[in-house]
Amino acid sequence: MPRLFTGLEIPAEVGFALSLKRGGLSGARWIDPDNYHITLRFIGDVDGKTADEVADSLDRLSNSLQFSIRLTHLGTFGGDKPRALYAGVEPSEALNRLQSAHERVLQRAGLPPEGRKFVPHVSLARLRGTSAEDVARFIAEAARFEPLSFVPARFVLFSSRDSVGGGPYLVEQSYPLAA
């Protein structure tokens, strides 16, 4: 059964700039820049029939309007027990509309609603045994975060294998965004 999710790819030059933040944080498993992405909707493990229905449902969102994405800061998930370091996305109404559209069509395809609030980000590292103080120090000592912007040309349906740290992610199908 494939594990599926929808997302936006990160251009190579943006991925390279993000990869320069790697290193110097104990307990971090750094994600390969080739696997950087912004998740729009986690789908999970599904059978082949459901995967086909998901792919067909997402076709309805092809040619949604393009928009700009701007990565503006480093952050963490997990509070006092940090579990991930990420690059945060500046709030974007267009991005929220696209994510909401994914949620609607996937629920119509029979998937349960996503239980988590949408927090757009690019995961940079998975953390294990890293203290909140160490992460705060890492973020403070990281060079000033110069915002990184790009305009995605498409969104994709990714698949992944159940693995430690995520990836490799494969593009199962892509859906163009209209200029």
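**Architecture and selected residues of the predicted model**

Ser 159 lies in strand 9, which covers residues 154-160; here residues are numbered from 1 along each chain as its sequence is written, and the model is a predicted one, in which local features need pLDDT of at least 70, side-chain atom pairs count only at pLDDT 80 or more, and totals for chains, interfaces and linings use all residues. Side-chain values use heavy atoms, with hydrogens and water left out. Helices (H or I, at least four residues) and strands (E, at least two) are DSSP runs numbered from the N terminus. With a relative accessibility of 7%, Ser 159 counts as buried, where buried means under 20% relative accessible area, exposed means over 50%, and partly exposed means in between (1.4 Å probe, protein chains only). The side chain of Ser 159 forms a polar contact of 2.5 Å with the side chain of Glu 172. A polar contact is a pair of N or O atoms within 3.5 Å; within protein, one must be able to donate a hydrogen and the other to accept it, and residues adjacent in sequence count only if both atoms are side-chain atoms. Residues up to four places away in sequence not being counted, Ser 159 touches Arg 3, Leu 4, Pro 168, Tyr 169, Leu 170 and Glu 172, a contact being heavy atoms within 4.5 Å.

The protein as a whole contains four helices and 10 strands. From the N terminus on, these elements follow the order β-α-β-β-α-β-β-β-α-β-α-β-β-β. The radius of gyration is 16 Å, close to the 16 Å given by the globule rule for 179 residues, so the protein is as compact as a globular protein of that length. This radius is taken over C-alpha atoms, and the globule rule is 2.2 Å times the number of residues to the power 0.38. Along the principal axes, the C-alpha atoms fill a box of roughly 45 × 35 × 25 Å. Of the 179 residues, 44% are buried. Among contacts with a separation of 6 or more, 78% are between residues 24 or more positions apart.

Glu 9 belongs to strand 1 (residues 3-9). Its relative accessible area is 27%, so Glu 9 is partly exposed. The side chains of Glu 9 and Arg 154 are joined by a polar contact of 2.7 Å. Apart from residues up to four places away in sequence, Glu 9 touches Phe 150, Arg 154, Val 156, Phe 158 and Val 171.

Two further strand residues were examined. Ile 43, in strand 3 (residues 37-45), has a relative accessibility of 12% and therefore counts as buried. Beyond its neighbours within four places in sequence, Ile 43 is in contact with Leu 4, Phe 5, Thr 6, Val 54, Leu 106, Leu 111 and Leu 157. Ala 28 is located in strand 2 (residues 28-30) and counts as buried because its relative accessibility is 18%. Its contacts, neighbours within four places in sequence set aside, are with Ala 125, Arg 126, Leu 127 and Thr 130. The C-alpha atoms of Ala 28 and Ala 17, 11 residues apart along the chain, are separated by 18 Å.

Asn 63 occupies the loop between helix 2 (48-59) and strand 4 (64-65). The phi angle of Asn 63 is near 65 degrees, a positive value in a residue other than glycine.
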